[in-house]
Amino acid sequence: MPRLDRSSDPLWRWFALSSVVFLVVLAISPIKDYFREYRRYQESYRQRLLAAAGSSKELKVAAAENVRIRQLWIPALGDRVDRCPSCHLGVDNPKMADAEQPFRAHPPTPHTPDDFGRFGCVVCHRGQGRATSEAEAHGQAADWSSPLLPLRYVEASCGTCHLAQQVPEASILSAGRALMDRVGCPGCHKIEGRESWRSSAPHLDGLADKTHVEWLRAWLKEPRSLRPETWMPDFHLGDDEIQALVAFLWVQPARRPLAAATDVELPAGDPDRGHKLFSESRCISCHTIEGRGNGSAPELSGIGSKVSRRWLVDFLGDPHAFQPETAMPRYDFSREQLLDLAAYMVSELVDPSAPVAGESYHPASKWIAEGEEVYQKYGCAGCHRIEGRKDAVLVGPDLSGVGGKAAALLDFGVRDDLPHRLPDWLAAKVSEPRSFRAALKMPEFGFTPEQVTALVTALLADEGSAVPEAFRVQTAVARYSPPGRFGQLVRQYRCLSCHQVEGSGGDISTAPLDAEGSKVREGWLESYLLLPTTIRPILTERMVPLRLSEERAAFLANFMANVYLDDDIPGEIFPGGSPPEQAERGRRLYYERYGCSSCHQLAGSGGYYGPPLDDSPTKLVSGWIAWWLQGPQRWRRDVRCPDYGLDATDARDLAAFLVTPGRQASGSRGAP
Amino acid sequence: MTAPARTLGLILVALTSGCRAPADLPQPAASAWALPLPDAGYNVREGRALFQHYCSICHGAEGHGDGFNAYNLDPKPRDLGDPGFQAKSSDEDLAAAIRAGGGASGLSTGMPPWGRTLGERQIRNLVLYLRTLSPEPE
C-alpha cells in the first residue's frame with residue numbers, strides 16, 4: 001500500500017494555506033482593537049491615578065482599573081452610545097481640572113457635571129459616539145456627517161433643546177437668534193422656530209410722497225453709504241436694476257394719501273420750537289442722532305435729506321396709518337407742533353453728503369415692468385410691504401436643518417480657500433454671500449466677525465433631527481393683549497414696545513408692568529405718566545412723555561394700581577407712618593452695612609446706577625421695598641441689584657428708612 | 001510563497017489603517033472667524049457675559065476700574081487687569097471677593113456680595129474671565 005504523501009497533495013496545501021488566511025482574518029479585529037489609542041490612554045491614566053493616590057483606598061481603586069471600553073448609554077435620546085469616556089477618562093474627575101487632554105475634567109456648565117448620564121457627550125459636541133479611535137470619534141472620517149463642533153460654536157447645542165429666542169446661559173446663541181430676527185433672515189429663509197417673525201421694515205407704497213428719486217437711487221446703490229448702521233443689506237444692484245426698481249416703486253400708490261398736495265401749501269413751522277419739542281419728547285429713547293440713543297429705531301441725523309416735509313407732518317401725526325406694525329407711539333401732537341417738529345427735522349437733521357432732490361420724475365412703463373421683476377427676484381417683499389400686493393416671500397433656500405448638513409452636500413462654488421466644514425461654510429455665506437458664484441441673490445450685510453460667530457451659532461442649532469419632546473425646553477410665545485379702553489390706550493401709545501406684561505412686549509424698559517400696582521403709589525404713577533422724570537440717569541432709554549391728558553393719565557394709573565398687582569407682594573406695612581427707631585436703624589443699614597449708596601443717589605450722594613431714592617416716600621409702596629430687598633431677582637431674573645440675603649427685620653427697617661418723608665442722611669455723606 | 005505573504009501583508013495594512021496615529025491625519029486649517037476673545041470655549045464666554053451684565057458698570061468694560069459709575073465711588077473700583085493684583089490674588093481669593101463682597105474682608109461695602117445672585121459655576125466662570133483681562137495699554 002503506497003504511503004499517502006499529504007504534503008504533496010495540492011488539495012492539502014490549499015487547505016493549509018486557507019486555514020492560515022482564515023486565522024489571520026479572524027485576528028484582524030482584535031489586533032485593530034489592540035492598537036487603538038484608548039488602551040494607551042487608559043494605561044497612562046491608571047499610572048496617573050496611582051501616582052496621585054492619596055490614600056490606600058484610592059490606590060486600590062486605581063489598581064483595580066482595567067482596560068475596557070467605557071461608554072454612556074442614553075436610551076431616552078434614541079439609544080445613543082457615547083464611548084468618549086474610553087479616552088476622556090478624567091471628564092468627571094474634579095482632580096483633572098488642569099490635566100492635558102484627553103484626561104481633562106469637563107469645565108462646569110449648566111448641565112455639567114450633573115447631567116453626564118442624562119445627555120452624554122455627542123448631543124452637545126457632535127462627533128461619532130460609537131467610534132473607538134480618535135479620528136473616527138471626532139468625525140474626521142470623510143463620510144461622517146457630523147464632525148466635532150468647534151468650541152467657538154458649542155452654544156449651538158444649547159439651542160438644540162432650548163428653543164426660545166433668548167437662552168440666558170448661552171449669550172452667543174441668544175445674540176445670534178436676536179440678530180437673525182433683527183436683520184430679517186426669516187424674510188427670505190424658512191427657519192425653524194422663527195415662523196411667527198414679522199418684519200418691521202418700512203412699507204414701500206407712496207414713496208413718491210415720502211422721499212425723492214435721487215435719495216432712493218443712492219440708497220439702493222449702497223444703503224450703508226447713507227446710513228452706516230442700517231440693517232438694509234447691500235444687494236449690489238446694477239445700474240439698470242436700480243433704474244427699474246426705482247421706476248416700479250415710484251408708481252405704487254400710497255396706502256395713506258397725504259393731506260397737503262405740496263410742501264408749498266403747508267404753513268411754515270418754527271424750527272426752534274421744533275427742536276425743543278424734539279428734545280422734550282426724548283425721541284432718542286428709541287432713535288439715534290449720530291449714533292447717540294437706543295438704536296431700536298432708525299438713525300435720524302440724515303432724515304431731512306430723505307423725507308419730504310408734508311410726509312413727515314402726516315407721519316408724525318399718525319405713524320400707525322403709514323405703518324400699522326410700527327413700535328412708535330401715536331403722540332397727540334397739535335397741528336402747530338407737527339409743523340414745528342417737521343420744520344426742525346427737515347432743516348437741521350440733514351446729511352450734507354446725501355443727494356439732493358432733482359426735477360420731478362415720471363418713469364417709463366418699460367422700466368416699471370422690469371422693476372417689478374427685480375422686486376420679485378430679490379424678494380423685497382420678504383421684509384417690505386406694498387399695500388394691495390401679494391408677492392412671494394421666502395425667496396432664499398429653506399434653512400430647516402441647515403445645522404446638521406454634511407459638508408459633502410454643501411456647494412462651495414469657487415471658494416476653494418475654505419476648509420470643507422459646515423461652520424466655515426456658514427460663516428463665509430453670511431459674511432461674503434456673493435463670493436461663492438456669480439448670479440447669487442443673497443445680499444451682503446456687513447456683519448462684524450463677532451456677529452458672524454453669533455449667527456453661525458444660531459444656524460448650527462437647528463440640526464434637523466429634533467430631540468425627543470421630553471428634552472425640549474420651549475416657552476410658549478406670549479401674546480398678551482390688554483382689554484378695553486386700557487388696551488386701546490396701550491396700543492395707541494405702544495407701551496408694549498418697551499415694557500413687558502405677562503412676558504409679552506419689548507425689552508427696552510427693565511421694568512415689567514405686571515406688578516406695577518404693587519410697586520408704586522397710584523398718585524406717583526399718575527404724575528409720572530403726565531411728566532416722566534428720569535428714573536435711571538445712566539440710561540439713554542427713558543420713558544417718553546406721551547402728552548397724555550390728565551384724564552387719561554388718571555385712568556391708566558388707576559387701572560394699573562388695581563389690576564397690575566401681585567398677591568405675594570405686601571402693600572403698605574406702616575399704615576400709621578414708619579416708626580422712627582426702625583427708620584433710624586434702616587438709615588445705618590443703608591449707609592454702613594450694605595453698599596446701597598454705591599448705586600443709588602440719596603440726599604445728594606451716591607452712585608448713578610440704580611434709581612435715585614429721594615422720591616421713594618411718595619413713589620414706592622413700603623411692603624414692596626421690603627419684598628424686593630429680600631430677593632430682587634424675583635422681580636425679574638436678570639435684575640442687577642444684588643440679593644444681599646436680608647432677613648425680614650433688616651428689610652423692614654430699610655423700607656421704613658426709605659419711606660420716611662424728608663429724611664436726611666444725618667450729616668453722613670456716603671459710608672462713614 | 002512570497003506573493004501570498006505580500007498580499008496578506010497588504011490586506012493587514014489596509015484593514016488596520018484606521019489605527020493611524022492622529023498626527024498623520026490632515027488637520028483642518030484654522031478658521032478665519034475668530035472672536036476677539038481667547039477661544040476658550042463656553043466658560044470664559046459665560047464669565048464675560050456675566051461681567052458685562054453685573055460688573056462693568058463700576059469696573060469698566062475692560063475691567064480697568066473705569067466704569068460709568070466708578071467716579072461716584074470712594075474708594076474707586078479695582079483695576080482688575082493690574083498684573084500685581086492678578087499675581088497676588090488666587091482664584092479662590094477672587095471667587096471669595098465676588099461671593100462675599102468687599103465688606104466681608106474689611107474693604108469697601110461698595111463692592112456688594114454676589115453669592116446669592118450668582119451660582120458657584122457662574123462665579124468660577126467669572127474668575128476664569130477675570131484671568132483673561134490684560135493690563136491697560138500704555
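Reader: What covers the buried residues of helix 28 of chain A?

Author: The cover includes helix 25 (580-593), helix 26 (616-619) and helix 27 (622-629) of chain A. Note that this is a predicted model, where local features need pLDDT of at least 70, side-chain atom pairs count only at pLDDT 80 or more, and totals for chains, interfaces and linings use all residues. Residues are numbered from 1 along each chain as its sequence is written, while chains are lettered from A and ligands numbered from 1 in the order in which they are written.

Reader: What makes helix 28 of chain A "mostly covered"?

Author: Eight of its 11 residues, within 648-658, are buried. Buried means that 20 or more other C-beta atoms lie within 10 Å of the residue's own; 12 or fewer is exposed, in between is partly exposed, and C-beta atoms are placed from the backbone. The buried residues include Ala651(A), Leu654(A) and Phe657(A). Helices are DSSP runs of H or I with at least four residues, strands are runs of E with at least two, and both are numbered from the N terminus.

Reader: Why are helix 25 and helix 28 of chain A called roughly perpendicular?

Author: They pack at an angle of about 100 degrees, with their axes 7 Å apart. Axes are lines fitted to C-alpha atoms, for helices over the stretch in contact, and angles run from 0 to 180 degrees between N-to-C directions. Under 35 degrees is roughly parallel, over 145 roughly antiparallel, 65 to 115 roughly perpendicular, and the rest oblique. So helix 25 of chain A is roughly perpendicular to helix 28 of chain A.

Reader: Which residues make that contact, from helix 25 and helix 28 of chain A?

Author: Among them are Arg585(A) and Tyr590(A) of helix 25 of chain A, and Asp653(A) and Phe657(A) of helix 28 of chain A. Two residues are in contact if their C-beta atoms, placed from the backbone, lie within 7 Å. By class, the contact has six nonpolar, two polar and five charged residues. Ala, Val, Leu, Ile, Met, Phe, Trp, Tyr, Cys and Pro count as nonpolar, Asp, Glu, Lys and Arg as charged, and the others, Gly among them, as polar.

Reader: How do helix 13 and helix 18 of chain A cross?

Author: The axes of helix 13 (residues 239-250) and helix 18 of chain A come within 7 Å and cross at roughly 100 degrees. Therefore helix 13 of chain A is roughly perpendicular to helix 18 of chain A. Their contact has nine nonpolar, two polar and three charged residues.

Reader: Why is Glu373(A) called partly exposed?

Author: Glu373(A) has 13 other C-beta atoms within 10 Å, so it is partly exposed. Glu373(A) sits in helix 18 (residues 365-377) of chain A. Glu373(A) lies 8.4 Å from Leu245(A), C-alpha to C-alpha, across 128 residues of sequence.

Reader: What makes Leu602(A) buried?

Author: Leu602(A) has 21 C-beta neighbours inside 10 Å, so it counts as buried. Leu602(A) belongs to strand 7 (residues 601-602) of chain A.

Reader: What makes a set of residues a nonpolar core?

Author: A nonpolar core is a set of buried Ala, Val, Leu, Ile, Met, Phe, Trp, Tyr and Cys residues joined through C-beta atoms within 7 Å. The largest one has 48 residues, and Leu426(A) and Leu459(A) are among those with the most contacts inside it. Helix 20 of chain A gives the largest share, seven residues. Leu459(A) touches Leu399(A), Val402(A), Gly403(A) and Leu426(A), not counting residues up to four places away in sequence. A second, separate core of 44 residues includes Val490(A) and Tyr591(A).

Reader: How confident is the predictor, by pLDDT, in chain A?

Author: Chain A averages a pLDDT of 90, and 97% of the residues score at least 70. The pLDDT is the predictor's confidence in each residue, from 0 to 100. Over residues 665-672 of chain A the pLDDT is below 50.

Reader: What are the pLDDT figures for chain B?

Author: Chain B averages 74, with 69% of the residues at 70 or above. Among its elements, helix 1 (residues 2-16) has the lowest mean pLDDT (44) and helix 4 the highest (94). Over residues 1-38 of chain B the pLDDT is below 50. Where pLDDT is low, the predicted coordinates should not be read in detail. For the complex, the predictor gives an ipTM of 0.82 and a pTM of 0.85.

Reader: How many residues of helix 5 of chain B are buried?

Author: Nine of the 11 residues in helix 5 (residues 120-130) of chain B are buried. Their cover includes helix 2 (42-59) and helix 4 (91-100) of chain B.
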